[in-house]
Structure formats: C-alpha cells, structure tokens
Amino acid sequence: MFQEIKTADLKENAFDLIGKQWLLVTAGKPDGSCNTMTASWGGLGVMWGKDVAFLVIRPQRYTKEFIDSSDTLSISVLPDGYKKQYGYLGSVSGRDEDKIAKVGLSVIRDGDTPYFEEARIAMICRKLFAQPYDPDCILDKTVDKNWYPEKDYHTLYICEIEKVLVNQA
C-alpha cells in the first residue's frame, strides 16, 4: 500500500540513496510495454521552481528508448536486500529477455507510468528537459578520458517529481 507524501517530507540522503542504495529508472511505451535499468548516477534538487530529479542515460541503453517515447518515468528505490536484482537489472538488456519478471518484480502503474510494487519509494516524474552531453562542454578532460572512452555520452534528463509514493507495507 503506497501513500503519497510531499517531496519536502522525503527524509533521505540523496548521496546515499543514489550512489549507494541505487535506483531503478522505469518507463513505458504507448503499447503498454515497459523497461527498467539500474542507476547510480543522478541527483535530486530544484530547477525552474520545481522539485526535480536529474538522470543521465547512455545512448545504448534499451531503457532510453522507453524514456524517449514517454512523457513520464518513475524512479524506484527497493528495500535492503535487493542488490543482486539491481546488479542484474543494470547488466542485462530488456531487449534480450523479460528481465523484470526474471528478478521477480511486479510492475504496477500510476496512470501510464510503471513502477514496482516492491519499491519502498517510488517517484513519478514528468520529463522537462533532455539534452545529450556535448564533449566540448566537459571542462575536466580526465572525465572524458576516464568515463567516455567509447564516446557514448549520456543524455541528461531533468524531470519534475510529480509524486512521491512511500510503501507502507
């Protein structure tokens, strides 16, 4: 059973939440299909007077197709004990199999936006901005050298957090 809270009432350390606990970024296509991926980079903050999530997705990720075909996406945080599932969902492509079913997660929806019944937190987000990274704008050239040897630059998404749902189960 999920309860909606205000973004200001989310008492989580964003550095721990994103960098250590990890996230699932999930989006659906108009045909009802969905895909998810594990994320450990990104941020939460305020932009244009809105509470937002900053997400970065590499071009080869299958989930990017779903994100690009929808106005919304979700960010789910699973409870402790799901590191193995996060690892699998981050390393296996949904092009090749139903990886969501394989790890035993249950998709539920807020309107057209898929998220997971097992999540302890789900954020329902609306895309506001998308732009591929321009390598000329990377000022610290060691970032380019260390993180982009294949020149597969992320797309930055800024998404308004429309709802924060907390699992009361």
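These legends accompany an overview and close-up views of a predicted protein model.

Residue numbers start at 1 along each chain as its sequence is written, and local features need pLDDT of at least 70 in this predicted model, with side-chain atom pairs counted only at pLDDT 80 or more.

**View 1. Overall fold of the protein.** The protein has 5 helices and 10 strands. Both are DSSP runs numbered from the N terminus: helices are H or I with at least four residues, strands are E with at least two. The C-alpha trace spans about 45 × 40 × 30 Å along its principal axes. Of the 169 residues, 43% are buried, where buried means under 20% relative accessible area, exposed over 50% and partly exposed in between, with a 1.4 Å probe and protein chains only. Contacts are heavy atoms within 4.5 Å. Among contacts with a separation of 6 or more, 71% join residues 24 or more positions apart.

**View 2. Leu17 in helix α1.** Helix α1 covers residues 14-21 and includes Leu17. Leu17 is buried, at a relative accessible area of 1%. Beyond residues up to four places away in sequence, Leu17 touches Glu12, Trp22, Leu23, Leu44, Val77, Arg120 and Met123. From Leu17 to Gly43 the C-alpha distance is 9.5 Å, across 26 residues of sequence.

**View 3. Thr155 in strand β10.** Thr155 lies in strand β10, residues 155-167. Its relative accessible area is 8%, so Thr155 counts as buried. Neighbours within four places in sequence aside, Thr155 contacts Leu55, Val56, Ile57, Lys64, Ala130, Gln131 and Pro132.

View 4. A disulfide is a covalent bond between the sulfur atoms of two cysteines. The criterion here is a pair of cysteine sulfur atoms within 2.5 Å. The whole structure holds 0 disulfides. Cys34 is in none, and its nearest cysteine sulfur, that of Cys125, is 15 Å away. The closest cysteine sulfur to that of Cys159 is also in Cys125; the distance is 5.6 Å, too far for a bond. Cys159 is buried, with a relative accessible area of 0%.

Technical notes
Side-chain values use heavy atoms; hydrogens and water are left out.
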